[in-house]
Amino acid sequence: MQEVKETVDSLYLVLKAGADFSEMAKKESEDPGSARQGGMLPLFGRGQMVPEFEQVSYELDNGMISQPFATRYGYHIVKKISSQAIGSYAEMREQALAKVSNDTHGNVALQAKMEQLKKQYRLMCNTDLERRMIAEVFAPNKFDSAFIAKYSNSNETLFTLDDIDYPVSALISQYKNFGVMRDEVAKEFLNSKFEEYINKTVTDYEKSMVEKNNVDFRNLINEYRDGMLLFEISNKNVWEKASVDTEGLEKFFAENKNKYKWESPKYKGFLVQVTNDSVAKVVKERIKTIGQDSLVKVLRRDFGKVLKVDRVLVAKGENAMVDSEMFGGVKAKTSSNKYSLYFTVGGKILPQPEEVADVRGLVIADYQNYLEKKWIEELKAKYPVKINRKVYKKIK
């Protein structure tokens, strides 16, 4: 440690002589995080740093450099860049609440719960291994790449939780790029990481056991799981099947056609709107060469924005343009000022639905009900239900 102290004192003399603090920090600092930033740390408040570091920092004026001083993390030289006055209550409220919630006194319940879980899951720590590792990071040895390599490949058990072994390699491999530390700094770091790793493992294990240990939570999970399974199998056997089973839909419609009646006849065909007479003439000639199944697609492709074409199924009074063409209505306005005239193409007036497409929504809904009823009957036959009449009477 004396050697480190002498090095820090030398750096301080160089800084006092006018050396650039940022450049010196980048070259000489052993803290890899702040070194990359030229030693720069973010703004911090009371209780966020170790007491010695905090005291020196607060006593400095802006722009001043401190003399070397020690904390449990090593030796430091601080240059104060700026300070920030305490804001109003409204400005500081969220920060104050965060501070209170993070206060150690507020963690008493959490710490008690952690100790209870450690006992519940029979935590057994390998204290011999911990002591050996602590001893190794003291001078002349240290927490360095050799130490990391040694224990990253070790299968020695660091602790056991609920009869499950957790190797030391799982902990050490997380800190491969943490820089070089020695003596008390390395000891404090290692101790904190032991505790942090154990607490996290206990917490994660408790989360994995909640369903097993908590009856209410287990029942809730089972309810969600059963609900999702029921939805999936219902969707497969009823809801989705009803909409994609074309053959089944057509057969169901044919067998139940008399159920689907309209109050009045409907025109089924195509309504075309165009920008002018010249376009109308060309479109009508083109239609003669197109089959009705592809009429909408081809017209939209060939004529683009000078034409609007729709497949329609409407009764009298539902579309003024169709009324004027098919039901003897008066001349109507087009759907937009962009189009100057309209006409119907093919089609016919139907007294009642002639195919599934004419009443698709109603047929699908009825077909779903039919499939569900049929499925339930199959389940009852496969899984007979017996009722205890004596118990049933007591419930009534």
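How many salt bridges does a search of the whole structure find? I got 19, taking a salt bridge as a side-chain nitrogen of Lys or Arg within 4 Å of a carboxyl oxygen of Asp or Glu.

**Ground rules.** I am working from a predicted model, where local features need pLDDT of at least 70, side-chain atom pairs count only at pLDDT 80 or more, and totals for chains, interfaces and linings use all residues. Residues are numbered from 1 along each chain as its sequence is written, and side-chain values use heavy atoms, with hydrogens and water left out. My helices (H or I, at least four residues) and strands (E, at least two) are DSSP runs, numbered from the N terminus.

**Salt bridges, pair by pair.** I began with E196 and K193, whose side chains meet at 3.3 Å, N to O. These two are three residues apart in helix α10, so about one helical turn separates them. For burial I call a residue buried under 20% relative accessible area, exposed over 50% and partly exposed in between (1.4 Å probe, protein chains only). E196 is partly exposed at 43%, while K193 is buried at 14%.

Next came D358 and K268, a salt bridge at 2.9 Å, N to O. D358 sits in the loop between β8 (341-350) and α16 (360-382) and K268 in strand β6 (residues 266-274), so the pair ties together parts that are 90 residues apart in sequence. D358 is buried, with 8% relative accessibility. I also found both residues in a network of salt bridges that links K268, K348, E354, E355 and D358.

**A sheet.** Then I turned to an open sheet of three strands, in the order β3-β4-β5 with antiparallel pairing. Here two strands pair if DSSP finds at least two bridges between them. β3 (124-125) and β5 (164-167) are the edges; each has a single partner strand, so one side of each lacks a neighbour in the sheet. β3 is joined to β4 (residues 157-161) by two bridges, and I noted F159 in β4 as the bridge partner of C125. Helix α10 (residues 183-213) packs on the sheet and touches β3, β4 and β5, its direction making about 30 degrees with that of β4. Contact means heavy atoms within 4.5 Å; axes are lines fitted to C-alpha atoms, for helices over the stretch in contact, and angles run from 0 to 180 degrees between N-to-C directions.

**A helix pair.** At what angle do α7 and α8 pack? I found about 160 degrees for α7 (residues 127-136) and α8 (residues 145-152), with axes 11 Å apart. That makes α7 roughly antiparallel to α8, a term for angles over 145 degrees. L129, R132, M133 and E136 in α7 meet F147, K150 and Y151 in α8.

**Backbone notes.** R122 is not a glycine, yet its phi is positive, about 55 degrees. I placed R122 in the loop between α6 (108-120) and β3, partly exposed at 40%. D162, also not a glycine, has a positive phi of about 55 degrees and lies in the loop between β4 and β5.

How values were computed:
Angles under 35 degrees count as roughly parallel, over 145 as roughly antiparallel, 65 to 115 as roughly perpendicular and the rest as oblique.
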